[in-house]
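User: Could you walk me through this protein and its ligand? I would like the criteria spelled out along the way.

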Amino acid sequence: MPKLSEDSVPQPSLAGSSNLDTLAVRSGIHRTAFNEHSEALFLTSSYVFSSAQQAADRFGNREPGNIYSRFTNPTVTAFQERLAALEGGQACVATASGMSAILATFMGLLKSGDHVVVSQSLFGATVQLLNNILGKFGLEVTFVPLADLQAWQQAIRPNTRLFFLETPSNPTMELVDIAALAQMAHAAGVLVAVDNCFCTPVLQRPLQWGADLVVHSATKYLDGQGRVLGGAIVGSQELVMDGGIYAFLRTAGPTLSAFNAWICLKGMETLPIRLQAQSQSALLLAQWLECHPAVARVYYPGLPSHPQYELARRQQRLGGAIVTFDVKGGQEAAWRVVDSTRIISITANLGDTKSTITHPATTTHGRISEQARSSAGIGSGMLRVSVGLEGVSDLQEDLARGLSITR
Ligand SMILES: *Cc1c(COP(=O)(O)O)cnc(C)c1O
């Protein structure tokens, strides 16, 4: 049998396409000499060198190629290339989880005494990471209201290095104008990183609006079926590969496993079609909730009643698959809705094909003070639904059961 080498194998072509649907299924493929049609899963921790010279050349960066799966694995590379293609970034590094992507961003770019400005409405663990862990190492942090551009401007200090944000925010679905923020940041020599977990590149491509880095929890929509944890950072070659992020990951090791990369790689093939379908259902559900007498308010960027509807239309392709709403009657009424569901899962996870429901005030945002919660606009009657692929009428019926008791 001949020795297997990728060089002699015809590689699939993208024919120059920049269409996201095409990139989602066709980008990042490196076929082996077996001519496999589906992407191969390489479960190997290391790679064999043909000689002592080759080993030395690989380690010395004189020859490209795989060395050790903490930092080079063909399946992980395929995942990275596919996500980079979708986000429109030069480079991508994959991480063990969304949190390790966020950690690597901070560890790679910042040092003791640096200052970061972040939106108040961040994922809970991101806040803990900044306050409780990185704070110990002398990182300075200022929290600002996401949509308040003036507050971002005023927070800039001589040692400010980075803006970090999520848009839309969780759970209140507030947006910030990424292009305006990037312009402000760059004028002050500050970088912008966007956690694009809620929208994914299918709905929003922050790099296109001027952001420098995009961070992902692949655990959510990229896998999309609630199976594995994963994360990634996308941006320029200079920032991601040469600027310290890759070096941190390579050395410290919170990188993506080949198996999880393979799951997310296959998950990404259906990402455009899932986000499209789940967003469409979310819009229908949001419209229905807005007319329901037991619902006080709906927070959904795809509804004309959303205060930033115009920005959402410009910046995002669709409203997304997360719908937040306030029920009348506070926590008791909200819990009744949660406990009356038969289809929708009671879980804090999101981005799954199975719809999930969360009561933020007593779960994801339960550890912050009542005052901080109310200033973030998170009331005791608030519920967040991550809309999956079930029939919309079933989801309506599932929520209507608890809402009708409330009324
Ligand atoms: C889930 C989530 C994270 C963390 O990702 P993990 O994969 O759970 O580590 C970060 N940011 C946002 C917005 C998330 O929803």
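This is a predicted model: local features need pLDDT of at least 70, side-chain atom pairs count only at pLDDT 80 or more; totals for chains, interfaces and linings use all residues.

Here are some questions and answers on the domains, the ligand and the salt bridges.

User: How many Å separate the centres of domain 1 and domain 2?
Analyst: The bounds come from an automatic or database domain assignment, which gives domain 1 as 17-268 and domain 2 as 271-406. Taken over C-alpha atoms, the distance between the two centres is 27 Å.

User: Which residues of domain 1 lose the most area to domain 2?
Analyst: Buried area is the accessible area (1.4 Å probe) that two parts lose on being put together, summed over both. For domain 1 and domain 2 that comes to about 2900 Å², 58% of it on carbon and sulfur atoms. On the side of domain 1, 26% of what is buried there belongs together to L175, L203 and Y221.

User: Which residue forms a salt bridge with R314?
Analyst: A salt bridge here is a side-chain nitrogen of Lys or Arg within 4 Å of a carboxyl oxygen of Asp or Glu. Across the interface of domain 1 and domain 2, the rule finds 1 salt bridge. For R314, the closest N and O atoms are 3.1 Å apart, and the partner is D177.

User: What distance separates an oxygen atom of the ligand from an N or O atom in the side chain of K220?
Analyst: Residues around the ligand (a heavy atom within 4 Å of it) include S97, F123, E166 and D195. A backbone N or O atom of M99 lies 2.8 Å from a ligand oxygen, and an N or O atom in the side chain of S217 is 2.8 Å from an oxygen of the ligand. For the side chain of K220, the value is 2.6 Å.

User: How many residues apart are E39 and R82, which form a salt bridge?
Analyst: The structure holds 12 salt bridges, and in this one the closest N and O atoms are 2.7 Å apart. Helices are DSSP runs (H or I, at least four residues), numbered from the N terminus. E39 sits in the loop between α1 and α2 (52-59) and R82 in helix α3 (residues 74-87), so the pair links distant parts of the chain, and the separation is 43 residues.

How values were computed. Residues are numbered from 1 along each chain as its sequence is written. Side-chain values use heavy atoms; hydrogens and water are left out. A polar contact is a pair of N or O atoms within 3.5 Å; within protein, one must be able to donate a hydrogen and the other to accept it, and residues adjacent in sequence count only if both atoms are side-chain atoms. Helices (H or I, at least four residues) and strands (E, at least two) are DSSP runs, numbered from the N terminus.
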